[in-house]
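Hello,

Here is the structure you were expecting, with notes on what turned up in it. Please look it over before reading on.

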Amino acid sequence: MKISWNEKWDRGSDETVVYGLFSDQREDLGSMDESLAKVLQNVQEKHPAWSDAGSIHILMAGAGDVVIAGLGKKENWSVKKAERTGASLYRFLAKEKVNSSLLLIDSFGGGVDCYAQFAAGLELGSYEVDTYKQNHKRKAELHVKVFSESRKSIETAVQSGLVQGKATNEARRLVNTPANFMTPSILGEEALRLGSEYDVEVDVYGKEEIESMEMGALLAVAKGSDEPPRFITMKYRGNPDSQEWDAALVGKGLTYDSGGYSLKTRDGMKTMKMDMGGAATVLGAMRIIMEEKPSVNVMAVIPSTENLINGQALKPGDVITSMSGKTIEVLNTDAEGRLILADAVTYARQAGAKAIIDVATLTGAAVVALGSVMTAAITNDVDLMSAVHDASERAGERVWSLPNDEDYKDMVKKSDVADLNNSPGRQAGTITAGLFIGEFAEDTPWVHLDIAGTAWQEGRTAVGPRGGTGTMVRTIAETVMNIGKR
């Protein structure tokens, strides 16, 4: 999508005007464009249902084509509705082959957060899943011109929203890439390209270096694959006067997960290319952070491997030693994400991160508990969790905190042969998985986000096609930028 701003009201003869119509409020456009004002007045009188939330119509009027997006009552307008409207609007314009449009963005008003997420929605609506069909043709890029009488007060929000949408689409692209085209090595190359784009330090460590760092949990999971593991770090220094890391973002990078010897079902394996959704989220969040340039030092940490089966693969009953020195009894090889995250969180803690946020497609239990509506969260720090919640509200991405009582923590410590076990059982599975990772964060403020239910959608949604969603990209980036404002 190409976006440009019109400095003044100047409608071209071939441009379609796009207007957001609230059912209980409307701007007076008479002094700016009398013919358009008459069209809108006529619509309100003869077609009041066109202002209902979610409706979009195109009207071929004498003054030129007009697209009317119904927004419902202004008092009910929200960041989530703004995002969905933006996405639906883009798809409508593409379907109607409206190649050049003039968007009156003031008519979609409701505060800077709504403007930002409306713009993000436009970008999200433009996303297409790459295919490998011989005759596949991508849709033509749309040119959207934007006009605002109050441009100075909203342009920053709109530009920020566009950045958020693009970063989310990049995360979607990574998740939707087939596993044979998205190995740990290729994921490392993606991180290097992103780092080069913004001129930040990226390190992609190979197996020998991982061995030298004694990351026993990551290496144990990687033993079943012929693809070598990678350990990826990206370092953004927005506050070069400080040597401290204000935050570390840790993303699970399982580029394919068969379950290992605790083998998944045939249907359960079909979408397991998405098990690196946490890594994609972290890279997307870093893109926003590096674009917005907050005064904060943040490190991205991504452990990456495949979880497959061969003669050397990890077995149920094995005992492994993590980078922290803690030993782990492996009761379920399909609970591998928490193992590689254990070493990554240890690395972040030892690097001196003042706060850690990890994100992972971790448990089926999160899908059962919250479905695809909310991301599950576990924390050891109320203030950091509050910051994540506030950011999620601004981004329109919902998060639900789960309890972290000592009784749950005790469940991951039950083992006759090791310090911890990686799978206490079905009960409270999302909680115990998160608290297992928390054992490696120790006293560092930490939040775990389980996106197993929200990172992938089986059908088209209001904001995108089937596949990866890029969820939590905006929430995590917003959290980090708010840390930089403290």
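A word on terms before the helices: an axis here is a line fitted to C-alpha atoms, for a helix over the stretch in contact, and angles run from 0 to 180 degrees between N-to-C directions. Please keep in mind that this is a predicted model.

Helix α2 (residues 79-95) packs against helix α3 (residues 112-125) at an angle of about 35°, and their axes are 6 Å apart. The crossing of the two is right-handed. On the α2 side the contact includes Val79, Ala82, Leu89 and Tyr90, and on the α3 side the residues include Cys114, Phe118, Gly121 and Leu122. Sorted by class, the contact of α2 with α3 has nine nonpolar, five polar and three charged residues.

Next, the sheet. Three strands make up an open sheet with mixed pairing, in the order β12-β13-β17. Its edge strands are β12 (319-321) and β17 (420-421), each of which pairs on one side only. Strand β13 (residues 327-329) runs parallel to β17 and is joined to it by two bridges. Isoleucine 328 has leucine 420 in β17 as its bridge partner.

Last, two backbone points. Most residues other than glycine have a negative phi. Glutamate 214 has a positive phi, near 60°, and lies in the loop between α6 (207-212) and α7 (216-222). Glutamate 214 counts as exposed because its relative accessibility is 58%, and the cut-off for exposed is over 50%. Glutamate 442 also has a positive phi, near 55°, and sits in the loop between α14 (429-441) and β18 (446-450). With a relative accessible area of 37%, glutamate 442 is partly exposed.

Regards

Note on methods:
Residues numbered from 1 in each chain as written. Predicted model: local features only at pLDDT ≥ 70, side-chain atom pairs only at ≥ 80, totals over all residues. Heavy atoms only, no water. Pairing = 2+ DSSP bridges. Helix = DSSP H or I, 4+ residues; strand = E, 2+ residues; numbered from the N terminus. Left-handed = near helix turned anticlockwise from the far one by under 90°. Contact = heavy atoms within 4.5 Å. Nonpolar A, V, L, I, M, F, W, Y, C, P; charged D, E, K, R; others polar. Buried < 20%, exposed > 50% of the residue type's maximum accessible area, 1.4 Å probe, protein only.
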